[in-house]
Every structure is written in C-alpha cells, then in structure tokens.
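Reader: Could we go through this model together? I would like to begin with helix packing and then turn to confidence.

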Amino acid sequence: MTAVPLWAWGVTLAVLAVLIVIDLVLTRGPESSLRAAAVESGLWFAAALVFGAVLWLWRGPTTGSQYLAGYLLERALSVDNVFVFVLLFVAMRIPAELQKRILFLGVVGALVLRGVFIAAGGALIESVSWIFYVFGAMVLLAGARMFRAGEGGSGNNFAVRGLRRVLPVTEHYDGNRLLTRVSGRAMATPLLVALVAIAVTDVVFALDSIPAVFGVTRDLFVVFTSNAFAVLGLRALYFLLAGSADRFVYLKPGIALLLVFIGVKMLLYDVVHISVWVSLVVIAVVAGGAIGASLWRDRRLRRLREVPHPAAEPRPAAEPRAAAEPRGPVRT
C-alpha cells in the first residue's frame, strides 16, 4: 500500500468537514424539494470529480483512475442503500420533517464507522495476506445472495430490539431530540431508534462494499476518500430517489453482477491481472446500463398505460337505418 503523508490526510479531513458544514447550512430547511435534492446531489458529484482530478494531478493517472472506479462502485452500491432507507422510514413512520436530521447524523456516523473498517481492513491485508481472498469470497457471496434475496432487515430489527432492552423508548417524538425525560426518567425517542437502524444498515452494507473497493485498489487513502464522497452524497440521493424506488427494477441485478465481478477479480488476483481501466469500464457500463434499462422500461410501461385498450374504446353509435323506399307505384 502506498504511504500518504499526514498533511494530506489532515487537508482531506478538513475539506470533508468544510463540505459537511456547507451542506448542513445550505440545506437546513425542514423539507427538500426534488429540484433542491437534484442540485445538492449534482454538487456532491461535482465535488467528488474535482477531488478525483486533484488526485489525478497529484499522484498520477493510475491512482486517479482507481479513485474514480472506487467512487463509481460505491455510488452504485449506495443507491441500493438508499432504497433500504426508504423502506426503513416507511416501516418506522418517520415524519418527513425529521428525516433530514436522521440522514445527516446517520451519514456522519457512517463516515466514522467506515473509516474504522477501512483502517482495520487495510491492517488485516498488510499482516495476513490471505485475508484478501476472504474478502473476495465475501464480495462474491454478497453478489450471489443479492441475485436471489430481497432486502435484509434482520440486522436492524435485532439492533432496535437490543436498544429497547437497554433504554426505554417513548411512543411519541419530542421535536428533533434523540433523548427525552418522562416523569424524570431518561428515555429514547423513536428518532434515536431510527438513527440506530440507519447506522446498522450502513454497517451491513459496508461489510460488502468496503471489501469490494479493496478489489479495485489497496491504497487506503483512495479507499477512504472514494467511500467518503459516496457516503456524503447519500442524503441528497435519498431525497432525489425516495419517490422512485420502484422504477429501478434492474438496479439490484446490476449491483449483484458488479459484486460478482469484483469478487472473482479478487479471488483470481494472482492468476489473472485485470487492470483498473477494465474495472472502471465494467463498473460504468453495468451500473449505467442497469439504470438506463430501468428508466427505459419505466418509460415504456407508462406509454403502454397511456394507450387505450381496444376493448375499452366506446363503440360508435349505429347510424339510423334509412326508411325503406316503396318498391312500386303507390296506390291512392
């Protein structure tokens, strides 16, 4: 793994902190319109590309392309994460005005947790060389499981049940507070329960996505920054896609195919060398193809619904029959 000077880590973390504060200030309103979410998501994407360009100029095209491949992979995986957030918020009946706060806290917590996971994963790969193949098997298994399984919520249910056993939970919200007092007793609000569910969901996804990025690069700086920019754009992506989760029907098979590809690449690391450019093209084609095919299918279905069925068309009224003309002279 390539060593990165401490000043680069410090500058990167400072830049991420500034971007988080700017995002929080610009989006502090209670609600997010679709247009505002699209603009915010576009700004996060632009920020990720600008950072990739700086990395390209600083450390060369190889590192820059590794970052871009890792970012696109994490971005594609995060879309599936967003759809799970939608299901969680619906199941837990989180009010729309509180979802933004939960997502902000969840994204910041996810960034910290992923940083810990990445550091631990890098240390394991450095000290135990064969663990890389274990990561490859995990990614391959995650892809195969995604082909045939739906959304998994058992981890969230377990975490929520554990929180309820440790700390009593109120039935009602107390503004945007995570903890409140009822009759002098400290209790958790449903908002804290939702935050725990979001955090556990991201941990579950990180167990698949972080090993997958290690399949693209072993550079800890690249792994962390590609994860960071993908995760920090999650909140805007949620409000952009929350109402259209059912439109991306081919996204999950596409993500599963990506995970299988990365897993096979990791398992065959010492046998077949697949360049980062090949990985970048595969990630872009599969993710873009899945999204494009989903949108094409949705548009086609909408057009079919707009075309009236022949059986439903009203039949034209029968024209009145003309009076029969007399066939001979009329006798008077």
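**Helix packing and confidence**

Author: In this predicted model, helix α3 (residues 61-92) packs against helix α11 (residues 276-306) at an angle of about 25°, and their axes are 9 Å apart.

Reader: Which orientation class does that give α3 relative to α11?

Author: Angles under 35 degrees count as roughly parallel, so α3 is roughly parallel to α11. The crossing of α3 past α11 is left-handed.

Reader: Which residues make the contact?

Author: On α3 they are S65, Q66, L68, A69, L72, L73 and A76, and on α11 they are V276, W277, L280, I283 and A287.

Reader: Now α5 and α7, please. At what angle do their axes cross?

Author: The axes of α5 (residues 131-148) and α7 (residues 190-214) cross at roughly 125° and come within 9 Å. That angle makes α5 oblique to α7. Here α5 passes α7 in a left-handed crossing.

Reader: Let us step back to the whole chain. How many helices and strands are there?

Author: The protein has eleven helices and two strands. Starting at the N terminus, the elements follow the order α-α-α-α-α-α-β-β-α-α-α-α-α.

Reader: What share of the residues is buried?

Author: Of the 332 residues, 42% count as buried. As for contacts between residues at least 6 apart in sequence, 81% join residues at least 24 apart.

Reader: Turning to confidence, what is the average pLDDT?

Author: The average is 79, and 83% of the residues score at least 70.

Reader: Where is confidence lowest, and where is it highest?

Author: Helix α6 (residues 154-166) has the lowest confidence, with a mean of 58, whereas helix α8 (residues 220-232) has the highest, at 91.

Reader: Over which residues does pLDDT stay under 50?

Author: One such stretch is residues 151-155, for which the model has five contacts beyond four places in sequence. Another is residues 322-332, where the model has zero contacts beyond four places in sequence.

Definitions and conventions: Residues numbered from 1 in each chain as written. Predicted model: local features only at pLDDT ≥ 70, side-chain atom pairs only at ≥ 80, totals over all residues. Heavy atoms only, no water. Axes fitted to C-alpha atoms, helices over the stretch in contact; angles between N-to-C directions. Helix = DSSP H or I, 4+ residues; strand = E, 2+ residues; numbered from the N terminus. Parallel < 35°, antiparallel > 145°, perpendicular 65-115°, else oblique. Left-handed = near helix turned anticlockwise from the far one by under 90°. pLDDT = per-residue confidence, 0-100. Contact = heavy atoms within 4.5 Å. Buried < 20%, exposed > 50% of the residue type's maximum accessible area, 1.4 Å probe, protein only.
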